[in-house]
Amino acid sequence: MIKPAEWQLALPLALAFASIFLAPLLMLVGVSFFNDDKISQPGLAQWAKFLGDPFSYKVIADTLLLGVKTVCATIVVGYPLALVYLDAPPRLQKVMIFVIVMPLLLSVVVRTFAWIVVLGREGVINQLLISLGIISEPLRLLQTELGLVISLTQIEMPLMLLPLISVMSRLDPNLRDASAALGASRWRTLFTVIVPLSMPGLVAGCLLVFASSTTAFISQTVIGGVRLIYLPLLIWQQSLVVFNWPFAAVVSITLLISVLTVVSALSWLGRRSGGYVHG
Amino acid sequence: MQSTPAARTLDVEDLTVRYGAALAVDGVTLAIEPGEVVALLGPSGCGKTTLLRVIAGFVRQASGRVRVDGATIDHLPANQRNIGIVFQNYALFPHMTVAENVAYGLRARGVRSSEVQARISRFLDIVQLAGFRERLPRQLSGGQQQRVALARALAVEPSILLLDEPFAALDRNLRLDMQIEVKRLQRTLGLTTILVTHDQDEAMSVADRIAVMNKGKVEQFDTPVAIYDRPQTLFVNGFIGTTNLMNGKVAALHDGTATVVLDAGASFSLSAPAKISVGASVLISVRPEQLALSSVPGPGAWKIQPGLSLPLGAQLVHEARTVDGASLKIVEPRRASPADTARVYCTLAADARPTLFPRST
């Protein structure tokens with residue numbers, strides 16, 4: 001009695017996924033194999049056009065590189081923050097969790113425009129640096145990749161921190177004491193015990209940040225501007241400006257495949273390093 | 001066995017630890033002899049684990065000193081104290097093999113790799129896990145994990161060994177084996193050892209001396225036999241072994257001997273503690289094996305209402321109730337003859353050593 005009920009319970013969701021996710025995806029693949037923007041002549045012309053253009057490869061590389069840079073920045077800022085969180089007293093931990101989760105509570109548009117205010121020529125960063133006498137001319141941060149990585153780092157931070165904190169707080173606190181009692185310094189303990197054991201959280205965080213930052217169309221466009229071209233912008237231009245849907249479909253599938261490749265490589269790494277946490 | 005490092009003394013002097021406003025350890029002083037096994041015994045929250053963590057260097061004391069061989073170690077961080085510790089949950093590094101776990105402390109100390117290999121072999125031999133070098137901790141049983149934790153702690157040749165409830169997670173049979181094993185290792189290596197436990201049998205069987213702790217203070221620090229036979233406080237009396245408590249009054253005092261009249265209706269003499277006066281309400285504590293049943297009334301016998309009698313191995317445990325409502329347990333060797341129903345009096349056994357405590361009202 002229970003067995004059939006179990007899969008029957010999953011049926012509505014499965015149907016919803018099939019109709020609003022799987023079917024459009026198949027249609028997208030279908031559309032990519034048409035030569036003209038009226039979607040009337042089947043053929044491989046759009047694929048040939050995209051794959052034959054060196055510019056396409058530069059956009060793919062830039063997009064993946066943006067993901068890598070954002071991942072690196074979130075690790076550099078997020079990992080120490082997670083360590084601070086672990087050592088913090090419970091009351092401070094509650095405040096920290098609120099601050100960490102805050103970016104998720106705000107609309108992506110609001111967050112992005114807030115970053116324009118911070119990064120602009122007359123923005124907070126430039127005014128601060130000028131008033132401190134570190135620079136005399138305002139830095140160009142908007143419409144540069146540096147500004148984009150800075151803002152994405154903040155926007156994607158919760159996706160790094162939440163899995164990291166969840167894995168690290170399940171680590172046995174005695175492990176650190178055991179390591180110290182055996183004569184290991186704090187750094188040795190960090191790199192030989194804490195980092196290896198927090199790998200599953202780190203990999204999950206990298207995965208989420210990478211997938212999210214490579215496809216963050218609004219941030220990429222509003223902060224990066226139209227001169228920094230990533231795959232999502234290309235899709236938007238082709239589908240809603242030029243109305244070349246087959247080409248947009250080709251770019252979409254390329255984005256999907258390239259992000260999925262990196263994500264599966266990461267999760268394979270994660271599985272290899274995982275399994276010790278509950279050991 | 002190769003070199004046996006000289007055993008060290010461990011002195012804890014007037015140690016106090018505060019957690020916020022609460023005193024976790026309250027002015028504890030212990031002088032531990034070289035090569036001695038001392039058990040810190042007490043209920044949970046008595047400060048025994050905190051005391052251990054101070055010695056290990058994980059917790060800072062508010063005041064007081066810890067000395068190893070006379071030298072204070074209070075200024076040293078945990079990783080420079082050279083004190084071995086085995087945790088209740090063993091805290092093995094789950095991503096490292098048995099050999100890597102044992103090598104961890106040696107590598108942290110920069111021991112040469114040939115020497116590391118030699119010591120891995122030596123200490124895994126000692127704990128009888130030579131064939132398990134390449135296993136991961138989760139592939140081992142609880143007892144084996146504990147042996148690895150011991151080997152890991154011992155491999156760095158610590159000056160002091162700390163054991164934090166090391167047998168609590170083991171089942172009963174294995175626990176006894178491991179207690180014997182630890183005692184054997186400790187003897188061979190001549191290590192001064194502190195064992196934290198809430199299990200009095202464990203403390204009795206493993207330790208040379210026991211420090212009974214309650215509410216952050218050491219109530220009594222003595223040999224297991226002395227603690228059992230001559231408990232100095234009511235807490236120790238109740239915490240160690242089974243005992244009967246009866247109400248009474250001091251009728252007379254003479255040369256340190258008090259004559260006590262039980263509320264249940266008998267009187268006898270026993271040695272009196274210092275601060276006691278005639279007419280004071282007292283509690284008399286007698287171990288179950290120091291009471292006897294009798295069918296004859298007399299000045300030293302009081303009337304009881306016999307209850308159930310339960311055979312317990314070679315002994316018979318009688319349950320009884322006095323006329324003033326106290327319940328008693330009386331243990332006698334089991335005899336072939338059936339229980340004598342006429343035995344409605346209770347007396348002190350010939351070698352009884354009842355203890356007197358002032359009753360706080």
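This report describes helix packing, nonpolar cores and the chain contact in a predicted model.

## Basis

Local features in this predicted model need pLDDT of at least 70, side-chain atom pairs count only at pLDDT 80 or more, and totals for chains, interfaces and linings use all residues. Residues are numbered from 1 along each chain as its sequence is written, and chains are lettered from A in the order in which they are written.

## Helices H4 and H5 of chain B

Helix H4 (residues 142–155) and helix H5 (residues 172–189) of chain B have axes that come within 11 Å and cross at roughly 15 degrees. Helices here are DSSP runs (H or I, at least four residues), numbered from the N terminus. Axes are lines fitted to C-alpha atoms over the stretch in contact, with angles from 0 to 180 degrees between N-to-C directions. H4(B) and H5(B) are therefore roughly parallel to each other, a term for angles under 35 degrees.

On the H4(B) side, B:Gly143, B:Gln146, B:Leu150 and B:Leu154 meet B:Leu174, B:Met178, B:Leu185 and B:Leu189 of H5(B). Residues are in contact if their C-beta atoms, placed from the backbone, lie within 7 Å. This contact has six nonpolar residues, two polar and no charged. Ala, Val, Leu, Ile, Met, Phe, Trp, Tyr, Cys and Pro count as nonpolar, Asp, Glu, Lys and Arg as charged, and the others, Gly among them, as polar.

## Helix H2 of chain B

In helix H2 (residues 98–108) of chain B, eight of 11 residues are buried, meaning that 20 or more other C-beta atoms lie within 10 Å of the residue's own. Among them are B:Val98, B:Asn101 and B:Tyr104. The buried residues of H2(B) pack against helix H3 (113–126) and H4 of chain B. Just after H2(B), B:Gly110 has a positive phi of about 70 degrees.

## Nonpolar cores

The largest nonpolar core has 82 residues, of which B:Val102, B:Ala151 and B:Leu162 touch the most other members. H4(B) gives the most to this core, with seven residues. Such a core is a set of buried Ala, Val, Leu, Ile, Met, Phe, Trp, Tyr and Cys residues joined through C-beta atoms within 7 Å. A second, separate core of 21 residues includes A:Tyr79 and A:Leu208.

## Contact between the chains

In chain A, 17 residues are in contact with 22 residues of chain B. H8(A) gives the most to the chain A side, with six residues. That side divides into 10 nonpolar, four polar and three charged residues.

Conventions. Helices (H or I, at least four residues) and strands (E, at least two) are DSSP runs, numbered from the N terminus. Angles under 35 degrees count as roughly parallel, over 145 as roughly antiparallel, 65 to 115 as roughly perpendicular and the rest as oblique. Two residues are in contact if their C-beta atoms, placed from the backbone, lie within 7 Å. A residue is buried if 20 or more other C-beta atoms lie within 10 Å of its own, exposed if 12 or fewer, and partly exposed in between; C-beta atoms are placed from the backbone.
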